[in-house]
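Please read it with the sequence and the model side by side.

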Amino acid sequence: MTAAGAVLLAGTGIYLHTTLRGKLRIWERELDQADLRGDERLLDLGCGRGAVLIEAARRLPAGRAVGVDLWSGEDQSGNRPQATLANAAAAGVADRVAVHTADMTALPFADGSFDVVTSALAIHNIPSPQARYRAVDEAMRVLRPGGQLLVADFWPMARKYAAHIGQGTLRTLGPGYWYSGPWLGVTLLHAVKTT
Ligand SMILES: C[S@@+](CC[C@H](N)C(=O)[O-])C[C@H]1O[C@@H](n2cnc3c(N)ncnc32)[C@H](O)[C@@H]1O
């Protein structure tokens, strides 16, 4: 095998590990560290088939996990609200999960109506930088003061979101969230809304 072939093969293996296991393990850890009481209202932007939404719902026995998405089949295969709800039912959390078809740049929710907002590898799918910043502004708008924002995205994007809102900490999430290599690594922006 050539060196290029070996790099390609390794990259494919890392990609598969990230999508099948790595990102889930990392979100389990991050949601545990968010120290949820269990009765919060959590919003997941670009929930797709529900990887993060359902993991969050497991930690919210008396709360609510709400997902919004436009269900792009290009961004995630088999992307449909019915698939997300079926996954929630299979995980035994359907009673506390809701999904809405909504654009995260114009959320249909009141100011301060969520305790936690999460988003996993979704905001970068919005084509224009202005619209990506609008999504981040919307996330902050619907968060209550003291609420937590947890956004995982490719590091150049996450860095820009942090600069845009002027608060929060950035942390690389490591090899478990590499999409083929460190050049496509994921960074977590964690912010607590101050006002
Ligand atoms: C790469 S998938 C990630 C899905 C899920 N968060 C995960 O980690 O498995 C990106 C998701 O963002 C959604 N999306 C893209 N632009 C959106 C927008 N403007 N509003 C809502 N969802 C959007 C796509 O439909 C897709 O489900």
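Two residues are in contact if their C-beta atoms, placed from the backbone, lie within 7 Å. On that basis, 70% of the contacts in the protein with a separation of 6 or more are between residues 24 or more positions apart. The model is predicted.

**Overall fold**

- The protein has five helices and seven strands.
- Read from the N terminus, the order of these elements is α-β-α-β-α-β-β-α-β-α-β-β.
- The protein is as compact as a globular protein of its length, because its radius of gyration of 16 Å is close to the 16 Å that the globule rule gives for 195 residues.
- Taken along the principal axes, the box filled by the C-alpha atoms is roughly 55 × 40 × 30 Å.
- Buried residues make up 39% of the 195 residues of the protein.

**Ligand surroundings**

- Around the ligand there are 21 residues, of which Gly46, Gly48, Ser72, Ala120 and Ala122 come nearest.
- Helix H2 (51-58) and strand S2 (64-69) are the elements that give two or more residues to this shell.
- Sorted by class, the shell holds 11 nonpolar, seven polar and three charged residues.

**Nonpolar core**

- In soluble globular proteins, nonpolar side chains tend to be buried together.
- The largest nonpolar core here has 49 residues.
- Within this core, Leu45, Ala57 and Val117 touch the most other members.
- Leaving out residues up to four places away in sequence, Val117 touches Leu43, Leu45, Ala139, Val142, Leu143 and Leu149.

**Helix H5**

- Helix H5 spans residues 155-165, and its buried residues are Met157, Ala158, Tyr161 and Ala162.
- These four lie on the same side of H5, because they cover an arc of only 135° around the axis.
- On the face of H5 turned away from the buried side are the exposed residues Pro156 and Ala163.
- The packing partners of the buried residues of H5 are helix H4 (129-142), strand S5 (143-154), strand S6 (169-172) and strand S7 (186-192).

Terms used
Residues are numbered from 1 along each chain as its sequence is written. This is a predicted model: local features need pLDDT of at least 70, side-chain atom pairs count only at pLDDT 80 or more; totals for chains, interfaces and linings use all residues. The radius of gyration is taken over C-alpha atoms; the globule rule is 2.2 Å times the number of residues to the power 0.38. A residue is buried if 20 or more other C-beta atoms lie within 10 Å of its own, exposed if 12 or fewer, and partly exposed in between; C-beta atoms are placed from the backbone. A residue is near a molecule or strand if its C-beta atom, placed from the backbone, lies within 6 Å of it. Ala, Val, Leu, Ile, Met, Phe, Trp, Tyr, Cys and Pro count as nonpolar, Asp, Glu, Lys and Arg as charged, and the others, Gly among them, as polar. A nonpolar core is a set of buried Ala, Val, Leu, Ile, Met, Phe, Trp, Tyr and Cys residues joined through C-beta atoms within 7 Å. The arc is that of the directions from the helix axis to the C-beta atoms.
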